[in-house]
Amino acid sequence: MKIGMVSPYAWDVPGGVQAHVKDLANHFLAEGHDVSVLAPALDEEAVAEEFVVSAGRPVAIPYNGAVARVLFGPVAATRVRQWIARNEFDVMHLHEPAIPSLSLLACSIAEGPMVGTFHVAAPRQKVAFAIAPLLEPVIEKLRARIAVSEVARETLTIHLDTDAVVIPNGIDTSFFASANVNPEWKREFTIGFLGRFSEPRKGLNVLMEAVPNLTRAIPNLRVLIAGPGEGLEVMQALNPSLRNRIVFLGRLSEEDKASFLKSVDLYVAPNTGGESFGIILAEAMAAGAAIVASDLPAFESVLGYGKYGLTFTNGDANHLAKQIIKIAKDQKAIADLREQAELGAMKFDWKTVGPEIMNVYQHAQGESEKVTVGSEPRTWLRFLSREDRGELS
Amino acid sequence: MSEFIIGLLITLAFIWYLTFSANRLDRLHHRVETSWANLDSILQRRAALAGEIAHLNEVDPATNLLLTSAAHQARDAEISERSEAESGLSEALKLLRQESDIPELYPEIFSELDSITDRLRTAIAIHQESVTATRKRREKLIIRAFRLAGRAPLPITYPFEDDVL
């Protein structure tokens, strides 16, 4: 099958959606499908993947607590047209088509079998969906919609009044399961945190607030913080006697991340919001980590409502400390949790997720139909010939 | 003169909007056709598989009759009665699943049935969504006033009971 994928965000900037597109493209390529990805790129030379076509330089706008690099405009539109016309895709997969960027542009330009995946979950953030009435005629063109989680699906139902099939994000579970244990990260009782901790929604401050309580119950506690950012501010806010408990590891490579998740005694995800899926939890599960996470709906769902990891009341440092202490003293409970998590991660493996997405592609595909560039004269022709259309079921 | 130009512009804009709306509706109708064709083909495959299961050696005559007739009914049903007939077939298959050991004897056939059932769920969800979107659109005043739907019949939803699948 010839598949075209469109990423709304810059390819050479790390991000969840881009990572998903990349893995999905690689998965289908490995299965022998023909895949081309259209994405904005800051530096076209820096794009290593052969299957990626650059649509131009994106602009930076603040969005959902982070900076999103998006792309639109006449030049991008021309590139989209050329890309579609040149490739004759059997199906076009648009990621995040409700964000005013490349995917939305491609959706408005193209006609034919199209599938959209909605990643974002923003039940309260109305601004992002203020253009919903304008989006409707465009989004309507999608033959099938995929939401990455129940929360993302709800967002879709509320703001765009349309339903979707829920298919989770995929991960390569074997990569995490086979990671090496780093003894340095296993020394004493280690609690791991991973993420851009300078962003408040990642919730590091909740974990820091719990540290005094934790050290009282767990004397040999060490908190390992991985991720890009400056740790000075975090340290200054902390009682000096506790500072030697905190270790900053900086940004980790993918291999180190897997090893980190596998090595730490407990993995904590205290995120306070803005998460639509929580891929990191799925990855931690695949690595067989014992997880304590905030009770965001997306997290609860990934963790199988307590089956694959513990949750605590979002933002409540005392409850977090309580949950950690409860499990830290119970080696068997930790071992059970690790085992369950690793089993539960299978449903996020590409081997499970890939065929589900392919199934949706097949549903979107009409009989020997291709994705084409919609053109005005054709619109008129279709309009004039519609009286002769066949019967509709 | 300027009134004339403004009037002309408004008329043109209105004509454009009519075309635009008709085009949207046309696309929606096409979406329903596609999603129904997919759903229908999966249902046909399931009925064929049910027929195959009915003729296995270990299936007793009563169950055979039940399955074959359910499969036939599902195949021959009018579109408006289709979901009811298909539910009957789901019910019959479920009964066979729960009350006999035949599934263990033919793991291949039954794992195929499982994968068809999974695909069926997705197909129903996608079809349902396209039908709802189309029906909602056709209720719009502009669509009804200018009869933009032409002679295309109103698409029929495919009601189904989740638990019998």
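Me: What does α1(A) lie across, and at what angle does α1(A) run to β2(A)?

Reply: Helix α1(A) lies across β1, β2 and β6 of chain A, and runs at about 160° to β2(A). The angle is taken between N-to-C directions on a scale from 0 to 180 degrees, using axes that are lines fitted to C-alpha atoms, for helices over the stretch in contact. Contact means that the C-beta atoms of two residues, placed from the backbone, lie within 7 Å. Helix α5 (residues 150-160) of chain A also packs on the sheet, where α5 touches β8 (114-118), β9 (144-147) and β10 of chain A, and the direction of α5 makes about 130° with that of β9(A).

Before we go on: this is a predicted model, in which local features need pLDDT of at least 70, side-chain atom pairs count only at pLDDT 80 or more, and totals for chains, interfaces and linings use all residues. Residues are numbered from 1 along each chain as its sequence is written, while chains are lettered from A and ligands numbered from 1 in the order in which they are written.

Me: How many residues does helix α1 have, and what span is expected?

Reply: Helices are DSSP runs of H or I with at least four residues, strands are runs of E with at least two, and both are numbered from the N terminus. Helix α1 of chain A covers residues 16-30, which makes 15 residues, so it passes the cut-off of at least four. The expected span is 1.5 Å times one less than the number of residues. For α1 that gives 21 Å, and the helix reaches 21 Å from its first C-alpha to its last. Just after α1(A), A:Gly32 has a positive phi of about 90°.

Me: Which residues of α1(A) are buried?

Reply: Among them are A:Val17, A:Val21, A:Leu24 and A:Phe28. Buried means that 20 or more other C-beta atoms lie within 10 Å of a residue's own; 12 or fewer means exposed, in between is partly exposed, and C-beta atoms are placed from the backbone. The cover over the buried residues includes β1 (2-6), β2 (34-39), β6 (91-95) and α14 (350-364) of chain A. Here is a handy idea: an α-helix has 3.6 residues a turn, so residues three or four places apart point the same way.

Me: Why is A:Ala217 called partly exposed?

Reply: A:Ala217 has 14 other C-beta atoms within 10 Å, so it counts as partly exposed. A:Ala217 sits in helix α7 (residues 204-217) of chain A.

Me: Which are the edge strands of the sheet with β3 and β10 of chain A, and what makes them edge strands?

Reply: Seven strands of chain A form this open sheet, in the order β3-β2-β1-β6-β8-β9-β10, with parallel pairing. The edge strands are β3 (52-54) and β10 (165-166), each of which pairs on one side only. Strands pair if DSSP finds at least two bridges between them. Inside the sheet, β1(A) and β6(A) have four bridges, so they pass that cut-off. A:Met5, for example, has A:His93 in β6(A) as its bridge partner.

Me: How many strands are in the open sheet with β13 and β16 of chain A, and in what order?

Reply: That open sheet has six strands, ordered β13-β12-β11-β14-β15-β16, and its pairing is parallel. Its edges are β13 (246-250) and β16 (310-312) of chain A, and the twist averages 25° from one strand to the next.

Me: How do you know that chain A agrees with a compact globule?

Reply: The radius of gyration is taken over C-alpha atoms, and the globule rule is 2.2 Å times the number of residues to the power 0.38. For 393 residues a compact globule would have a value near 21 Å, and chain A, with 23 Å, agrees. Of its residues, 47% count as buried.

Me: What makes chain B more spread out than a compact globule?

Reply: Chain B has six helices and zero strands. Its radius of gyration is 23 Å, well over the 15 Å that the rule gives for 165 residues, so chain B is more spread out than a compact globule. Its C-alpha atoms fill a box of roughly 85 × 25 × 20 Å along the principal axes, and 33% of its residues count as buried.

Me: How many residues of each chain take part in the contact?

Reply: Chain B brings 27 residues and chain A brings 21. On the side of chain B that touches chain A, α1(B) gives the most, with 15 residues. That side divides into 12 nonpolar, eight polar and seven charged residues. Nonpolar covers Ala, Val, Leu, Ile, Met, Phe, Trp, Tyr, Cys and Pro, charged covers Asp, Glu, Lys and Arg, and the others, Gly among them, are polar.
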